[in-house]
Amino acid sequence: MARKRRLTGEAALNAAYTKTDHTPLRKAWGVDISDDYLRLALTHRSFANENDNLPNNERLEFLGDAVLGLAVAEQLYRQFPDRTESEISKMRAGVVNMYALADVARELGVGPNVLLGRGEMRTGGDDKHSILSDTVEAILGAIYLEHGFQTARETVLRIFEQRITAAPTVGLTMDWKTVLVEKLSDLGLGDPVYASRGEGPEHNQTFHARLVVTSKRLQAEADTVTPESVPSELVYLRTTGEGHTKKEAEHAAAKAAVAQLNKR
């Protein structure tokens with residue numbers, strides 16, 4: 001019996017896109033996005049490259065990044081009139097960075113809808129920070145082209161409302177490790193101590209980070225200390241993080257530490 005021929009090009013795109021009911025995604029975004037725009041916004045370059053180099057979502061991503069940045073910048077300007085330009089700039093970076101956008105994507109259920117190539121599907125691409133954040137921007141680009149800036153702006157402000165309001169306290173920078181260091185300094189606590197390890201094949205590693213926050217500054221150089229070597233009486237809290245890179249894992253651990261500190 002002859003093997004069934006694999007679809008490619010537009011046929012593969014339409015088949016993959018129509019496998020999923022996008023009604024919940026449209027409902028989560030609160031905007032009626034046409035199939036033509038939504039299909040393009042969800043087409044990652046890995047899928048496009050495997051299917052006769054179809055158009056991918058990167059141009060929409062470029063456009064959505066600009067729409068998102070302007071909408072958030074304007075709202076921060078109006079909502080926090082006493083903040084300096086430098087502070088507003090840092091606050092905006094905290095609201096629209098890759099990790100924040102990836103969290104938004106997870107909240108809206110974007111991941112299962114993204115059209116990925118076989119390699120990305122095997123390596124968990126539907127939950128990678130970079131792919132999720134890029135897709136959020138692509139969808140915003142699609143909303144802008146189809147409905148105009150006003151609708152795109154209203155969508156941004158609705159979805160990012162809580163993050164914009166919290167920007168002065170938890171969104172001062174896009175780097176959670178920096179946020180953690182600043183918070184520890186404000187609280188008079190000690191140092192963050194990290195250790196990471198990777199597991200799995202080289203092309204598909206998962207990294208695990210361990211983080212200890214000390215109750216006071218350590219005398220030894222930071223690079224000579226590990227979480228296990230910190231005396232128990234100096235341990236203020238411990239967290240862990242996971243990611244596709246060492247940096248992602250350590251950022252996840254730092255973010256978890258900030259969340260714990262905010263609850264204390």
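Where does UniProt place the feature "domain: RNase III"? The unreviewed entry puts this feature at residues 36-148. UniProt positions follow the numbering used here, with feature names shortened, and annotations may be inferred rather than shown by experiment. What you see is a predicted model, in which local features need pLDDT of at least 70, side-chain atom pairs count only at pLDDT 80 or more, and totals for chains, interfaces and linings use all residues. Residues are numbered from 1 along each chain as its sequence is written, and side-chain values use heavy atoms, with hydrogens and water left out.

**View 1. The whole protein has 14 helices and three strands.** Helices (H or I, at least four residues) and strands (E, at least two) are DSSP runs, numbered from the N terminus. The C-alpha atoms fill a box of roughly 65 × 55 × 25 Å along the principal axes. Of the 264 residues, 45% count as buried; buried means under 20% relative accessible area, exposed over 50%, and partly exposed in between (1.4 Å probe, protein chains only). Contact here means heavy atoms within 4.5 Å. Among contacts between residues at least 6 apart in sequence, 66% join residues at least 24 apart.

**View 2. Domain 1 covers 7-169 and domain 2 covers 174-260.** These bounds come from an automatic or database domain assignment. Taken over C-alpha atoms, the domain centres are 29 Å apart. Where they meet, ten residues of domain 1 are in contact with nine residues of domain 2.

**View 3. The span annotated by UniProt as "domain: RNase III" runs over residues 36-148.** This span is 72% helix and 0% strand. Its end C-alpha atoms lie 16 Å apart.

**View 4. E61, D134 and E137 carry the UniProt feature "binding site", from an unreviewed entry.** These residues span 77 residues in sequence, yet no two of their C-alpha atoms are more than 6.0 Å apart, so they gather at one spot. D134 is found in helix 9 (residues 129-147), and E137 belongs to helix 9 too. With 23% relative accessibility, D134 counts as partly exposed, while E137, at 8%, counts as buried. Setting aside neighbours within four places in sequence, E137 touches L60, E61, G64, D65, L68 and L101.

**View 5. The largest pocket has a volume of about 520 Å³.** On a 1 Å grid over the protein atoms alone, a pocket is an open set of points where a 1.4 Å probe fits, with protein on both sides within 12 Å along at least five of seven lines; lining residues have an atom within 4 Å of a point. Points are joined across faces, edges and corners, and the volume is the space filled by probe spheres set on them. Of the 22 lining residues, A16, K19, F47, L116 and M121 are the closest to the pocket centre. Helix 1 (9-18), helix 4 (45-50) and helix 8 (118-122) each supply at least two lining residues, and the largest share, four residues, comes from helix 1.

**View 6. V235 lies in strand 3 (residues 235-243).** Its relative accessible area is 22%, so V235 is partly exposed. Neighbours within four places in sequence aside, V235 is in contact with V212, V213 and V230. From V235 to N262 is 27 residues in sequence and 17 Å in space, C-alpha to C-alpha.
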